[in-house]
Amino acid sequence: MSLEYMISIAGPMLEGARTTILLFALAIATSIPLGFALTFMVRSRIKLVAWLGSGYIYVMRGTPLLLQMLFVCFGLPVLPVIGEYLVMDRFVAACLAFTLNYAAYFAEIFRGGLLAIDKGQHEAAKVLGLTRWQTTTRIVLPQMLRIALPAISNESITLVKDTALLYAVAVPELLHFAQTAVNRDFTVMPLVLAGVIYLLMTLVLTILFKALERKYKFE
């Protein structure tokens, strides 16, 4: 394939990559805080709250992301009575599905990080006269994030790759433009180029998280 051909298909594919990056950014920005909230729900002393948090995580981790995305995009609008109020743009619906799904995974990552912290840390904080809020924000959360950082990195890279599922709900992202070019030109080169773009995006994330791990002296 000529260089001119590669340049001609790179423009639309980079436009699709912008959608991919936007979905990733929105999903990360919303699923991590929701994951924190779910973690504290699961650890709540109120049994009903803990049960609801655990049940949510079980359902979201136990069913495919694609199924969840199809349900949000096409299932919610046909619900009796309230369905007409739940009609969303497909990109917005996909963002919601990604957020709800990845929040459950991040919640488990954060829970594992909290379990890895020695209970003596809490006792030491009490001796120092720190309140529960101070203990959580100044001692527990910084250590938890440090422990959970490699797992957060892996999950973030998986999120980048999962954005290809937008293809299933006809949102024009990177894979959509690649497949369109393949069908039109009868060549696999657009798929190769799409793979290279995905690799570059995950490379950037890998470098970023490695830098964070070095900063927090994980290695």
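Predicted model: local features only at pLDDT ≥ 70, side-chain atom pairs only at ≥ 80, totals over all residues.

Me: Why is the sulfur of Cys73 too far from the closest cysteine sulfur for a bond?

Reply: Residues are numbered from 1 along each chain as its sequence is written, and side-chain values use heavy atoms, with hydrogens and water left out. Now the sulfurs: a disulfide is a pair of cysteine sulfur atoms within 2.5 Å. The closest cysteine sulfur to that of Cys73 is in Cys95, 9.8 Å away, so it is too far for a bond. By this rule the count is 0 disulfides.

Me: What makes Cys73 buried?

Reply: Buried means under 20% relative accessible area, exposed means over 50%, and partly exposed lies in between (1.4 Å probe, protein chains only). Cys73 has 10%, so it is buried. Cys95, at 11%, therefore counts as buried too.

Me: And why is Val192 called partly exposed?

Reply: Its relative accessible area is 43%, so Val192 falls in the in-between class. You can find Val192 in helix α8, residues 189–215.

Me: How do you know which residues Met69 touches?

Reply: Contact means heavy atoms within 4.5 Å. Leaving out residues up to four places away in sequence, Met69 touches Ala94, Ala97, Phe98, Leu165, Leu166 and Val169.

Key
Helix = DSSP H or I, 4+ residues; strand = E, 2+ residues; numbered from the N terminus.
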